[in-house]
Amino acid sequence: MLSGKTLLITGGSSGIGRATAIAAARAGADVAINFLGHDEGAHSAVAEIEALGRKAIAIEGDVSLRDTAQTFVARSVEALGRVDIFVSNAGICPFHAFLDMPAEIFERTMGVNLHGAFYMVQAAANQMVKQGEGGAIVAVSSISALVGGEYQTHYTPTKAGVHSLMQSTAIALGKYGIRCNSVLPGTILTEINREDLADEAKRRRMEARIPLGRLGEADDLAGPILFLASDMARYVTGAALLVDGGAFVNLQ
Ligand code: RM4
């Protein structure tokens, strides 16, 4: 499905990012992984990708810093030759009440989830335009782009922003043959929410809302992301794909 392609992904050392990176290699792509702080996860992902016979590189960087994007794309192209697919995945959700939310938590969440996505997508798109052969960009937004969370008042606006970023970049980049789409994961059990869902009562409440009867796993996102990244979605751009087990539509 991705033979001969090169895929770059942010937040690739764990969770959805790591699962997608390895699935992309299984589908034939070479892969560059951005990560921050999870060296073991990043380097083990590289080892798994190389064991699949594909090239891989892990490059550490804080996506909230504008220069990280240029460095990640440039070093990835230096190592792998090009960018065909870019997956903007890196994100954090430090759950916190609204009224006493410290500015630092608000600003860090905005910086990583929204500013980071903007800088990375812009850098990848400029490289794709330079290559002149189009490309595919997939951003990991969230069900939280569409609904709220009491302890996520800093987080849900970033996911709504990522969803909207894909709609606008789809328009801006269509002329270059670059498609931009987002996936909207539901409640997927990863490091981002392990502590929050350690609360058994909350976990049961979340599971009860999901028609498929279970929380999602990182691997549940790899297929939808790679579909939107692949030529099977060649006429899909500006779209958003819920991957939530039916949670969003389940009012009663
Ligand atoms: C997702 C959604 C999930 C939550 C994670 C952290 O967008 O809100 O329910 O567990 O974020």
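Ser144 puts a polar side-chain atom 2.7 Å from an oxygen atom of the ligand, where a polar contact is a pair of N or O atoms within 3.5 Å. For Tyr155, an N or O atom of the side chain is 2.7 Å from a ligand oxygen atom. Asn193 has a polar side-chain atom 2.9 Å from an oxygen atom of the ligand. On its own the ligand exposes 290 Å², of which the protein buries 92% (Shrake-Rupley areas, 1.4 Å probe).

This is a predicted model: local features need pLDDT of at least 70, side-chain atom pairs count only at pLDDT 80 or more, and totals for chains, interfaces and linings use all residues. Residues are numbered from 1 along each chain as its sequence is written, and side-chain values use heavy atoms, with hydrogens and water left out.

Which residues surround the ligand? They are Cys93, Phe95, Ser142, Ser144, Gln152, Tyr155, Thr187, Ile192, Asn193 and Met206, near meaning a heavy atom within 4 Å. The shell has 5 nonpolar, 5 polar and no charged residues; Tyr and Cys count as nonpolar here.

Now the salt bridges. The structure holds 11 of them, each a side-chain nitrogen of Lys or Arg within 4 Å of a carboxyl oxygen of Asp or Glu. One joins the side chains of Arg108 and Asp62, at 3.0 Å from N to O. Arg108 is in helix α4 (103-131) and Asp62 is in the loop between β3 (56-60) and α3 (66-80), so the pair ties together parts 46 residues apart in sequence. Helices here are DSSP runs of H or I with at least four residues, and strands are runs of E with at least two, numbered from the N terminus.

Conventions:
A polar contact is a pair of N or O atoms within 3.5 Å; within protein, one must be able to donate a hydrogen and the other to accept it, and residues adjacent in sequence count only if both atoms are side-chain atoms.
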